[in-house]
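My plan was to look up a few things and write each one down.

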Amino acid sequence: MTLSGVNKVCQQCTGVCKQWEQVKVIRCPMFKSRQSLKVDALQAQQYEKEAQS
């Protein structure tokens, strides 16, 4: 079996410790969602707007 690609769970993570596509990821303690970064950025923008008001 040849290993290639990146696991679907790992594609959604900001970490650099990506696993192969053929690996089944059950749980990753280092997982940090890309979605949470977007939410954090939006919250920071809202705080800046409120601080300027």
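**Entry 1: charges.** How far apart are the mean positions of the positive and negative charges of the protein chain? I looked this up and found 12 Å. The chain has 8 positive and 4 negative charges. I also noted that this is a predicted model.

**Entry 2: overall shape.** I counted two helices and zero strands in the protein chain. Helix α1 covers residues 8-11. Helix α2 covers 34-52. Next I checked the box that the C-alpha atoms fill. Along the principal axes, the box is roughly 60 × 20 × 15 Å. Then I looked up the radius of gyration, which is 16 Å for this chain. A compact globule of 53 residues would have a value near 10 Å.

**Entry 3: surface and contacts.** How much of the chain is buried? I found that buried residues make up 6% of the 53 residues. The chain exposes about 4800 Å². Carbon and sulfur atoms supply 55% of that area. I then took the contacts between residues at least 6 apart in sequence. Of these, 0% join residues at least 24 apart.

**Entry 4: Asn7.** I went to the segment before α1, where Asn7 sits. Is Asn7 buried or exposed? Its relative accessible area is 6%. The cut-off for buried is under 20%, so Asn7 counts as buried. I then looked at the polar atoms of its side chain. One lies 2.8 Å from the backbone nitrogen of Val9. A polar atom of the Asn7 side chain also lies 2.4 Å from the backbone oxygen of Val23. Leaving aside neighbours within four places in sequence, I listed what Asn7 is in contact with: Gln19, Trp20, Glu21, Val23, Lys24 and Val25.

**Entry 5: Glu21.** Glu21 was in that list, and I looked it up next. I found Glu21 in the loop between α1 and α2. How far is the C-alpha atom of Glu21 from that of Asn7? The separation is 3.9 Å, although the two are 14 residues apart along the chain. Not counting residues up to four places away in sequence, Glu21 touches Ser4, Gly5, Val6 and Asn7. Its relative accessibility is 48%, so I wrote down "partly exposed".

**Entry 6: Leu3.** My last stop was Leu3, also in the segment before α1. Its relative accessible area is 43%, and I noted Leu3 as partly exposed. Which residues does Leu3 contact, leaving aside neighbours within four places in sequence? I found Trp20 and Gln22. Trp20 is also on the contact list of Asn7. Finally I checked Leu3 against Lys32, which is 29 residues away along the chain. Their C-alpha atoms are separated by 24 Å.

Definitions and conventions:
Residues numbered from 1 in each chain as written. Predicted model: local features only at pLDDT ≥ 70, side-chain atom pairs only at ≥ 80, totals over all residues. Heavy atoms only, no water. Helix = DSSP H or I, 4+ residues; strand = E, 2+ residues; numbered from the N terminus. Rg over C-alpha atoms; globule rule 2.2 N^0.38 Å. Buried < 20%, exposed > 50% of the residue type's maximum accessible area, 1.4 Å probe, protein only. Contact = heavy atoms within 4.5 Å. Areas by Shrake-Rupley, 256 points an atom, 1.4 Å probe, with all protein chains shown as cover. Lys, Arg positive; Asp, Glu negative; His and termini not counted. Charge placed at Lys NZ, Arg CZ, Asp CG, Glu CD. Polar contact = N/O pair within 3.5 Å; in protein donor to acceptor, adjacent residues only side chain to side chain.
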